[in-house]
Amino acid sequence: MASVQQKRETYTTISPRGLDFNSIPMRLFQKAKKLGTWDPFDIDFSQDKLDWPTLDELHVENILALSTLFQAGEEGVTLDLLPLIMRVANNGWLEEEIYLTSFLWEEAKHTEFFRRWFTEVPQVTTDLHERLGPNYRRIFFEELPASMNRLLTDDSREALVHALVTYNMVVEGTLAETGYWSYSRMLERDRYLPGLAKGLRLIKRDESRHIRFGIYMLQRLVNEDPGIWDTLQAKMFELLPIAIAMSTDNQENFEGKFGEGNFLIPPEETQNYMQSQFQKRLNALMRAREQTRDELEQEVAAAIEEDERAEVTAE
């Protein structure tokens, strides 16, 4: 049973400890303050509105399908993040909680961005739930809220590992990353829908911090307690087949409409990319079992610096 502190006797920031500004969460918080303050309503959709009527039905269907998954997913991760913040706060992990304040705000902003695009560009007013396939529903309607809300009543390491694997390893680190890759290929490097493309670049930059934080937390947990590895690995390989199957959720209906094999991105290519993203994160977690804490911290700090260089190049 999770315990909630009923009263306080001290505060970290007025103790000799103060704040660890060099910690991974605080480094990510500095980045969030610099890079995460963009406004969805500052993005210009005027060219998107001109482009949309010129797209053929195949492109329209692909963009709407993927955007629906992102819209629902961004709302899902916004709704389901709060238990993690509460768990971190109850543990007294102040730097982590400070970073997570930006995390939740950014997820809410992503939700706003996609809904604004739906409203102003394709001007969708119909119910889009039918576009969410059974595997998508399993992850977002069942696994994600269940694993996150478990943190409200269960303060075990196992519960925390399940939540972080589901949210950061699978939903963000595998599914969302694959979605950005799919968007990039469909939009043909900004040749059409430049407003959507710009928003996606900014969202992806935000999400890279989210993923970095979540994987770091898992690295730290397995580094502190290598015995938790079996729990972590079991959850990852429980969810991975469901995530991979999402790429074919609506394949039968799609092929019935456009013909067999008539995809902008073949499902097998999507699955291959998804598995590569998953393996990359899995490798980092495997290394953490053998590293010293200093080695782990140095590796993640170096990865943050690499992220920063990539962001400067992208700009």
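Reader: How far apart are the end C-alpha atoms of helix α9 (residues 229-245), and what should its 17 residues span?

Author: The end C-alpha atoms of α9 are 25 Å apart, which agrees with the 24 Å that 17 residues should span at 1.5 Å a residue. The expected span is 1.5 Å times one less than the number of residues. Helices here are DSSP runs of H or I with at least four residues, numbered from the N terminus. Bear in mind that this is a predicted model: local features need pLDDT of at least 70, side-chain atom pairs count only at pLDDT 80 or more, and totals for chains, interfaces and linings use all residues. Residues are numbered from 1 along each chain as its sequence is written, and side-chain values use heavy atoms, with hydrogens and water left out.

Reader: Which residues of α9 are buried?

Author: Trp 229, Thr 231, Leu 232, Lys 235, Met 236, Leu 239, Leu 240, Ile 242, Ala 243 and Ile 244. Buried means under 20% relative accessible area, exposed over 50%, and partly exposed in between, with a 1.4 Å probe and protein chains only.

Reader: And what covers them?

Author: The cover over the buried residues of α9 includes α6 (134-149), α7, α8 and α11 (267-288). Take Met 236: leaving out residues up to four places away in sequence, it touches Val 165, Met 169, Trp 229, Phe 278, Leu 282 and Leu 285. Contact is heavy atoms within 4.5 Å.

Reader: How many residues does the largest nonpolar core have?

Author: It has 59 residues, and those with the most contacts inside it are Leu 84, Met 169, Leu 218 and Met 236. Helix α7 gives the most to this core, with 11 residues. A nonpolar core here is a set of buried Ala, Val, Leu, Ile, Met, Phe, Trp, Tyr and Cys residues joined through side-chain atoms within 4.5 Å. A second, separate core has 31 residues, including Trp 38, Ile 43, Val 124 and Tyr 180.

Reader: Next, aromatics. How many aromatic pairs are there?

Author: There are 14. Rings of Phe, Tyr and Trp (its six-membered ring) pair if their centres lie within 6.5 Å; planes under 30 degrees apart count as stacked, over 60 as edge-to-face and the rest as tilted. Phe 70 and Tyr 180 make a tilted pair, at 5.3 Å centre to centre and 45° between the planes. Phe 70 is in helix α3 (residues 57-80) and Tyr 180 in helix α7 (residues 157-186), so this pair ties together parts 110 residues apart in sequence.

Reader: Are Phe 70 and Tyr 180 buried or exposed?

Author: Phe 70 is buried at 8% relative accessible area, and Tyr 180 is buried at 5%.

Reader: Where does Arg 289 lie?

Author: Over the face of Trp 229, at 4.4 Å from the ring centre. The charged end of Arg 220 likewise sits over the ring of Trp 93, 5.2 Å from its centre. The test is NZ of Lys or CZ of Arg within 6 Å of the ring centre and within 35 degrees of the ring normal.

Reader: Switching to salt bridges. How many?

Author: The search of the whole structure finds 21, counting a side-chain nitrogen of Lys or Arg within 4 Å of a carboxyl oxygen of Asp or Glu. Glu 95 and Arg 17 meet at 2.9 Å, N to O. Glu 95 lies in helix α5 and Arg 17 in the segment before α1 (24-35), so that bridge ties together parts 78 residues apart in sequence. Glu 95 is buried, at 3% relative accessibility.

Reader: Which residue does Glu 305 bridge to?

Author: Arg 27, with the closest N and O atoms 3.7 Å apart. Glu 305 is in helix α12 (residues 293-314) and Arg 27 in helix α1, so the two ends are 278 residues apart in sequence. Glu 305 is partly exposed at 35%, as is Arg 27 at 23%.

Reader: Which residues are linked in a network of salt bridges?

Author: Arg 138, Glu 142, Glu 143, Lys 235 and Glu 238. Lys 235 was also among the buried residues of α9.

Reader: Last one. What is the phi of Leu 193?

Author: It is positive, about 50°, although Leu 193 is not a glycine. Leu 193 is in the loop between α7 and α8 and is buried, with a relative accessible area of 0%. Gln 123 also has a positive phi, about 55°, but it is exposed at 56% relative accessibility.
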